[in-house]
Amino acid sequence: MATLEIRALSVAYGPVRSLRDVSLDVPDGAITAVLGGNGAGKTTLLRAVSRTLGFHRGTGTGTVRFDGQPLDGLRPDRVVAAGVVQVPEGRQVFARMTVADNLRAGALGAPGGRRAAADALARVHELFPVLARRAHQSAGLLSGGEQQMLAMGRALMARPRLLLLDEPSLGLAPLMAQRIAETVREINASGTSVLLVEQNASIALRLASTAYVLEVGEVTLEGPAAELAASDEVRRRYLGVV
Ligand code: ATP
């Protein structure tokens with residue numbers, strides 16, 4: 001069964017239609033990637049799942065189910081409590097707060113008590129040792145890659161079963177992007193399903209088992225990631241192969 005099922009999702013911001021009739025699955029335990037250029041609707045898709053569209057004056061139709069239960073109508077904090085957590089594009093760490101306090105904020109509203117939060121913190125420090133070393137520094141002093149680690153660590157503090165990742169490699173040097181990709185693989189290997197939105201198609205297609213291409217709000221291609229990586233269209237448009 002798919003952990004996440006999106007069916008016939010259409011979203012508009014006032015007169016601007018951003019998604020049209022999008023259907024997509026994240027199978028249980030899988031990494032599913034969504035590729036697409038600027039403005040294709042990738043962030044909008046994640047907002048529709050995390051129920052944060054309203055903060056951006058967006059409205060949607062269609063259904064989003066997580067483990068068979070509709071998320072439609074839930075408040076964003078209930079979505080987090082249900083196990084679905086978004087890592088926003090551009091990290092959006094709390095720059096003036098310490099690294100430790102950013103991580104603590106991620107555990108607010110998550111299921112489980114102090115013990116669960118302590119376990120989650122230990123796991124985050126294991127995945128990202130730099131966050132333990134820099135625990136008492138302001139998050140704003142971290143490098144871009146470290147801020148991405150913090151944003152992912154903050155999301156993991158809520159112990160998600162589905163992680164929504166919005167362009168984690170954006171603006172990072174290739175080596176750092178690669179490290180982040182390896183961590184995504186590790187997080188997935190310990191049981192968290194992932195919906196990964198990326199402009200960097202080569203990273204996304206290496207990580208994911210299934211991928212979708214979104215163009216101007218519509219799914220134009222979908223299939224096993226290996227098949228998409230071999231398709232002429234994807235190679236030309238997204239992998240820069242001529
Ligand atoms: P990018 O990679 O550039 O962030 P994206 O694929 O994530 O692009 P979205 O951010 O989902 O795309 O945007 C899809 C479309 O919806 C774009 O045309 C964008 O201008 C529009 N849009 C996004 N947010 C809003 C908003 N709050 N109000 C009006 N239009 C919006």
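## A note before we start

Please keep in mind that this is a predicted model. Residues are numbered from 1 along each chain.

## The six-stranded sheet

Let us begin with an open sheet built from six strands, which follow the order E6-E7-E8-E3-E9-E10 with mixed pairing. At its edges stand strand E6 (84-87) and strand E10 (218-224); each has a single partner strand, so one side of each has no neighbour in the sheet. On average, neighbouring strands of this sheet are turned by 15 degrees against each other, direction ignored.

How do strands hold on to one another in general? Strands of a sheet pair through backbone hydrogen bonds, and the pairing is either parallel or antiparallel.

## Strand E3 and its two partners

Strand E3 (residues 31-35) pairs with strand E8 (residues 193-198) in the parallel sense, over five bridges.

Is E3 enclosed or open to the outside? Five of the five residues of E3 are buried, so the strand is largely enclosed by the rest of the structure. A residue counts as buried when its relative accessible area is under 20%. In a regular strand the side chains alternate between the two faces of the sheet. In E3, Ile 31, Ala 33 and Leu 35 point one way, while Thr 32 and Val 34 point the other way, and all are buried.

## The four-stranded sheet

A further open sheet has four strands in the order E2-E1-E4-E5, and its pairing is antiparallel. Strand E2 (16-27) and E5 stand at the edges with a single partner strand each, so one side of each is left without a neighbour in the sheet.

Strand E1 (residues 2-13) is mostly covered, with nine of its twelve residues buried. E1 runs antiparallel to E2, and eight bridges join the two; across this pair, Ala 12 stands opposite Arg 17 in E2. Together E1 and E2 form a hairpin with two residues between them, and Gly 14 in the turn has a positive phi of about 55 degrees. E1 is also joined to E4 by eight bridges, again in an antiparallel arrangement, and Glu 5 stands opposite Arg 65 in E4.

## From E4 to E5

E4 and E5 run antiparallel and are joined by two bridges. Arg 65 has Pro 70 as its bridge partner in E5. The loop between strand E4 (58-66) and strand E5 (69-70) contains Gly 68.

Why does Gly 68 count as partly exposed? Its relative accessibility is 33%, and partly exposed covers the range between under 20% for buried and over 50% for exposed. Gly 68 and Ala 155 are 87 residues apart along the chain, and their C-alpha atoms are separated by 22 Å.

## Around the ligand

Now to the ligand. There are 15 residues around it, and those that come nearest are Ser 18, Gly 39, Lys 42, Thr 43 and Thr 44. By class, this shell has two nonpolar, nine polar and four charged residues. Helix H1 (residues 42-50) provides the largest share of the shell, with four residues.

Several polar atoms can be traced to oxygen atoms of the ligand. A polar backbone atom of Ala 40 is 3.1 Å from one, a side-chain N or O atom of Thr 43 is 2.8 Å from one, and a polar side-chain atom of Thr 44 lies 2.5 Å from one. On its own the ligand has 630 Å² of accessible area, and the protein covers 67% of it.

## A closer look at Thr 43

Thr 43 has its place in helix H1. Is Thr 43 buried or exposed? Its relative accessibility is 18%, so Thr 43 counts as buried.

The side chain of Thr 43 also has partners within the protein. Another, of 2.8 Å, joins the side chains of Thr 43 and Asp 166.

Notes: Predicted model: local features only at pLDDT ≥ 70, side-chain atom pairs only at ≥ 80, totals over all residues. Heavy atoms only, no water. Near = heavy atom within 4 Å. Polar contact = N/O pair within 3.5 Å; in protein donor to acceptor, adjacent residues only side chain to side chain. Areas by Shrake-Rupley, 256 points an atom, 1.4 Å probe, with all protein chains shown as cover. Nonpolar A, V, L, I, M, F, W, Y, C, P; charged D, E, K, R; others polar. Buried < 20%, exposed > 50% of the residue type's maximum accessible area, 1.4 Å probe, protein only. Pairing = 2+ DSSP bridges. Axes fitted to C-alpha atoms, helices over the stretch in contact; angles between N-to-C directions.
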